[in-house]
Structure formats: C-alpha cells, structure tokens
Amino acid sequence: MDEPLPLKQVPLPPGFGSARGSEHEVWFVQGESHVIKATHAGEFGRVFGPKQFASLPEYLARVALTNEVFGLDWEILGVHGEGRRLRVVSRQPVIRGRAATLAEIREFMVCRGFVLHRTRFGDAWYRKDDNLLVSDAEPNNVLATDNGLVPIDVLVCKPSNELQSQSGIVR
C-alpha cells in the first residue's frame with residue numbers, strides 16, 4: 001500500500017478469539033454488549049464474484065452498506081498490524097438468536113424487494129431498484145431473534161455492470 005491508511009492503529013483484545021470463521025476472528029467479552037471482530041491477517045474478507053477476496057476499500061464499503069441496508073451497528077475501530085499482517089478491527093452488538101433457516105432468509109429478502117439468482121459464484125440476492133447485491137446469506141450469517149432476522153455477516157455490494165454480466169444477473 002503506497003498511500004497512508006485512513007484508519008488508526010488499534011490493539012486487539014488479549015488472547016485468541018472465542019470464535020474463528022472464514023473471514024474473521026471474534027472475541028466475545030464477558031459482560032460486554034459488543035463483540036470485537038478482526039479480519040484474518042492480510043485479508044479483508046470476501047466479495048461476490050470471481051475475485052473472491054476483498055480489498056480494504058471493498059471491505060469498508062461492505063460494512064457501510066450492511067449498516068445502511070440492514071441497520072446493523074457494525075463499527076470500524078481501526079486496523080491492527082501492517083503490511084501482510086494488517087487486519088481490520090471492528091465491533092458489532094451482541095445479537096442473541098439462532099441460525100435462521102433458508103426459508104426464513106428467503107422470506108426476509110423477498111419482503112425487502114430482493115430476487116434470488118443462482119449464479120456461477122453461488123446464490124445471490126439482487127435488488128434492481130438500487131443495484132444492491134447480497135450474497136452469503138446463509139444460516140450461519142443471519143440470526144433469527146425475537147425481533148426478526150439480523151444479517152450479521154453477509155456480503156453486500158453495488159455490483160458493476162461487468163460483475164453482473166459475469167454472474168448472469170441482468171439489470
């Protein structure tokens with residue numbers, strides 16, 4: 001990275017995270033209302049499409065879109081490390097619930113105007129009105145709570161014309 005990062009350096013919680021997924025290590029802090037998440041070293045999560053891995057700007061855009069579209073209070077705290085060891089550190093509210101079923105996720109997305117597309121990159125929900133694509137909307141990434149479904153770790157983007165064409169999604 002040649003240009004300075006727009007994010008400050010922050011520490012990670014002590015010890016190893018309580019959970020580890022394909023994109024993040026997660027710390028559940030006893031008595032806290034939030035969890036701390038850090039991307040794996042040198043990675044910034046995933047994206048929908050042939051590229052699979054996100055750049056830092058793509059990851060930051062994903063977090064912002066997730067907050068905007070689904071009302072999740074996912075806050076970027078900063079980065080930890082540098083170079084190939086760089087990690088994005090964020091926090092999310094603790095959300096208590098169970099993994100949503102595929103039927104519940106389908107109803108949730110359809111009620112919000114999304115249409116399911118089965119693409120060569122996997123299933124994706126697309127909403128033409130605002131060119132919004134949501135993928136990885138799987139039971140482990142969407143929780144069913146007493147107040148409805150909460151997407152906690154889905155991939156959200158505004159796909160380019162090229163990505164739409166590659167995936168077979170037509171505007």
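**Exercise 1.** Find what share of the residues of the protein counts as buried.

*Solution.* The model is predicted. A residue is buried when its relative accessible area is under 20%. In this protein, 42% of the 171 residues count as buried. The accessible surface comes to about 9,700 Å², and carbon and sulfur atoms hold 50% of that surface.

**Exercise 2.** Decide whether Y59 is buried or exposed, and state where Y59 is found.

*Solution.* Begin with the location: Y59 is part of helix α1, which covers residues 56–70. Next, take the relative accessibility of Y59, which is 1%. The cut-off for buried is under 20%. Y59 therefore counts as buried.

**Exercise 3.** List the residues that Y59 touches, leaving out those up to four places away in sequence.

*Solution.* Contact requires heavy atoms within 4.5 Å. With that cut-off, Y59 touches H24, T39, F44, G45, A54, W74, I76, V88 and S90. V94 gives a separate distance: V94 and Y59 are 35 residues apart along the chain, and their C-alpha atoms are separated by 21 Å.

**Exercise 4.** Compare the radius of gyration of the protein with that of a compact globule.

*Solution.* For 171 residues, a compact globule would have a radius of gyration near 16 Å. The protein has 16 Å, so the two agree. Its C-alpha atoms fill a box of roughly 45 × 45 × 25 Å along the principal axes.

**Exercise 5.** State how many helices and strands the protein has, and how its charged side chains are placed.

*Solution.* There are three helices and 12 strands. The side chains include 20 positive and 21 negative ones, and the centres of these two sets lie 2 Å apart.

Note on methods. Residues are numbered from 1 along each chain as its sequence is written. This is a predicted model: local features need pLDDT of at least 70, side-chain atom pairs count only at pLDDT 80 or more; totals for chains, interfaces and linings use all residues. Side-chain values use heavy atoms; hydrogens and water are left out. Helices (H or I, at least four residues) and strands (E, at least two) are DSSP runs, numbered from the N terminus. The radius of gyration is taken over C-alpha atoms; the globule rule is 2.2 Å times the number of residues to the power 0.38. Buried means under 20% relative accessible area, exposed over 50%, partly exposed in between (1.4 Å probe, protein chains only). Accessible areas come from the Shrake-Rupley method with a 1.4 Å probe; for residues, only the protein chains shown count as cover. Lys and Arg count as positive and Asp and Glu as negative; His and the chain ends are not counted. The place of a charge is taken as NZ of Lys, CZ of Arg, CG of Asp or CD of Glu.
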